[in-house]
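Take a walk through this fold with the model open beside you.

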Amino acid sequence: MKFGCLFAVLCLAVGAIAGKYSREMNDQKPSVDGKSTVEFRIAKLNQVWEKATRLPMPIKCSCPPVRQAELHSDLKIQEKDELQWKKSKAEGMDENGEREAKLRRGFNVILAKYGMDGKKDTRPLESNNLKDHDIREGDMFDDPRLDKLWNKAKSSGKFSEEEMQSLKREFQHHKDKISEYNIVMDTVSRTEEIHKNVISPLEGEVKQHVLHQKHTDLKDKMRDLNQGFERLRKLSHEGFSEDSEFKEPRVIELWEMAQRANLTGDELDSLKEELKHFETKVEKHSHYQEQLELSHQKLRHVEALGDNDHILRNQERYNNLAEKTREMGYKMKKHMQDLTSKISRKGLDRNEL
């Protein structure tokens, strides 16, 4: 009897500890110094975020505010995907490790994208799209073909000021895709080097599978780059058509992807409405990014003046804007991820039929 009671008490104690551990792992709580919060449930993501925000915010941070907000959104997406994967793995799924390899690849892309992979990076850093005045005229996109096309469009006189801003967003989006392609190509090269040092046949099969998947990713990205450049070339020569469905590059890309996916007329009409809502979300996020950059510049100005009350008020506004921008960035990227999966899945189902 005593033994039974003791066993019950021990079970309750273990359950309480396990519950406490789960809550502590999943809830964001203040750190020991009481000044910061644990942003992510996964340790490696927290380490990346802490590295990006290690220096006092926002003035001395090596990561500009808009770029930092983008990093936060990317880490949030990575966290969501990794937590979903852990749950599915516990249920016996992903036995061949394909999804795990994709997650690892995604994490490496984030590290390389923000210059946090420990390598001396020769790739040009992305700008905030708000600092084009810092870039040498005629060399805006760090790619000879893009720069040549941009200069032609700029000197053609066929674009209004608003259309030039839209065209610049298109070019910047393509530049970002080139950067991501280079990152994936770099990881493929490293994987091939590792593959040469395989010891066991089983290990070789796993690595061969991962390598094949990476080559597939590369082919897909190269195809997207070629289609994207062709679109830019056509835009630069012909200009924007008045009956264009969308203005934002990411939305246009999704719409063109849907049109190639053999969807029915009803499915395309439904998707078009959803993309219109998504475009509004993208535009709103861009507006908040601009406000965040302006708030950062104003905070730098008042800090130079040394008025503490004024600094505190501007710091609070900056912090609120930064939080809102990160939140909106995550929701926008998640929505884009969902739309991409939805279009790919429907296109695949239609092709199988």
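N262 is found in the loop between α8 (249-259) and α9. Helices here are DSSP runs of H or I with at least four residues, strands are runs of E with at least two, and numbering starts at the N terminus. N262 is not a glycine, yet its phi is positive, at about 60°. Most residues other than glycine have a negative phi. Is N262 buried, exposed or partly exposed? Its relative accessibility is 46%, so N262 counts as partly exposed. Buried means under 20% relative accessible area, exposed means over 50%, and partly exposed lies in between, with a 1.4 Å probe and protein chains only.

This is a predicted model: local features need pLDDT of at least 70, side-chain atom pairs count only at pLDDT 80 or more, and totals for chains, interfaces and linings use all residues. Residues are numbered from 1 along each chain as its sequence is written, and side-chain values use heavy atoms, with hydrogens and water left out.

The axes of α8 and α9 are 10 Å apart and pack at an angle of about 165°. Axes are lines fitted to C-alpha atoms, for helices over the stretch in contact, and angles run from 0 to 180 degrees between N-to-C directions. α8 and α9 are therefore roughly antiparallel to each other. The cut-offs are under 35 degrees for roughly parallel, over 145 for roughly antiparallel, 65 to 115 for roughly perpendicular, and oblique for the rest. The crossing of α8 and α9 is right-handed. A crossing is right-handed if the near helix is turned clockwise from the far one by less than a right angle, and left-handed if anticlockwise. On the α8 side, R250, V251, L254, W255, A258 and Q259 make the contact; on the α9 side, L268, L271, K272, L275, F278, E279 and V282 do. These contact residues divide into nine nonpolar, one polar and three charged. Contact means heavy atoms within 4.5 Å. Ala, Val, Leu, Ile, Met, Phe, Trp, Tyr, Cys and Pro count as nonpolar, Asp, Glu, Lys and Arg as charged, and the others, Gly among them, as polar.

Helix α9 (residues 265-305) also meets helix α3 (residues 65-90), with axes that come within 9 Å and cross at roughly 135°. The two are therefore oblique to each other. P65, V66, A69 and E70 in α3 touch H285, Q289, L292, E293 and H296 in α9. This set holds four nonpolar, three polar and two charged residues.

α3 has another partner in helix α4 (residues 98-113): their axes come within 11 Å and cross at roughly 165°. That makes α3 roughly antiparallel to α4. The crossing is left-handed. Among the contact residues are L71, L75 and W85 in α3 and L103, F107 and I110 in α4. The contact divides into six nonpolar, four polar and seven charged residues.

K44, in helix α2 (residues 43-52), touches E82 and F107, not counting residues up to four places away in sequence. K44 and F107 are 63 residues apart along the chain, but their C-alpha atoms are separated by 9.7 Å. At 30% relative accessibility, K44 counts as partly exposed.

Finally, step back to the whole protein. There are ten helices and zero strands. Of its 353 residues, 37% count as buried.
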